[in-house]
Amino acid sequence: MKPYAVFILLILLYTCTALARQPAIGYEAQIAKISEQRQLFSERYNAAPAKDRAAILAEAQEYLTRSICDTIFPYWYGTPWQFYGTTRTPKQGAIACGYFVTTTLTDAGFQIPLVKWAQAASENVVVKIGTGIKRFSNRPMSEVIAYINQNGDGLYLTGLDCHIGYIYKSGGTLRFVHSSYYREVSGSGNAIGVISEPLEGRNPLNDSQYRVIGKLLGTEMVRNWVTGARY
């Protein structure tokens, strides 16, 4: 290999290594970016004629789904669960299942009563913001999966016997995203914490006798996000 080629290769390796070492954008900065985007959607929506507003809301819905599921959730993975956990910062402190739901929705830009809803019965929260509400009492998980598949891709909220979490469907993949109080199987005895896992298996969704599910980010919910309406 010629000397100049070796030199270029070394420069490329150094650049790639330097970029890999750069820290990812912080959570607060990411939330600020989502807030800025919400403001842009709001300005477009308010300035648009009525006939164009549905398209803006559809675009906002797609943006919100990506922001919550692909951006906000990953920051929280690995954050410890605790019954009284109320941290607002991923991986610092601990967070209960209800606070995980209301904190992530708040950070996405929804004007909800964070503490009140976090401490409310899970079904009440699902009914307030979900659409296509479906209740399953002593029914097999296969019926829950069939319901999700029939209602298509997107983000769902599910209230259980004593738990609450999200279900995210993307293509053929369904994930249960929640702050799990189940204990790790490694023998450490620690609660699993915030995790994305299959719907079936060892988790509260699969084991619960009662489930209520509603799809999130419907037209009204997205409009409330765009306009900054309070719940």
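Guide: Glu-62 and Arg-66 sit four residues apart, about one turn of the helix, and both belong to helix H3. Helices here are DSSP runs of H or I with at least four residues, numbered from the N terminus. Before going on: this is a predicted model, where local features need pLDDT of at least 70 and side-chain atom pairs count only at pLDDT 80 or more, while totals for chains, interfaces and linings use all residues. Residues are numbered from 1 along each chain as its sequence is written, and side-chain values use heavy atoms, with hydrogens and water left out.

Back to that pair: Glu-62 and Arg-66 form a salt bridge, with 3.4 Å between the closest N and O atoms. The term asks for a side-chain nitrogen of Lys or Arg within 4 Å of a carboxyl oxygen of Asp or Glu. Arg-66 is partly exposed, at 41% relative accessible area; that label covers what falls between buried (under 20%) and exposed (over 50%), using a 1.4 Å probe and protein chains only.

Helix H3 has another one to check out. Glu-59 bridges to Arg-44, the closest N and O atoms being 3.0 Å apart. Glu-59 lies in helix H3 (residues 50-76) and Arg-44 in helix H2 (residues 27-47), so this pair ties together parts 15 residues apart in sequence. Glu-59 is partly exposed at 38%, and Arg-44 is partly exposed at 37%.

Then there's Glu-143 with Arg-139, whose closest N and O atoms are 2.6 Å apart in their salt bridge. Glu-143 is partly exposed at 29%, and Arg-139 is partly exposed at 40%.

Technical notes
Helix = DSSP H or I, 4+ residues; strand = E, 2+ residues; numbered from the N terminus.
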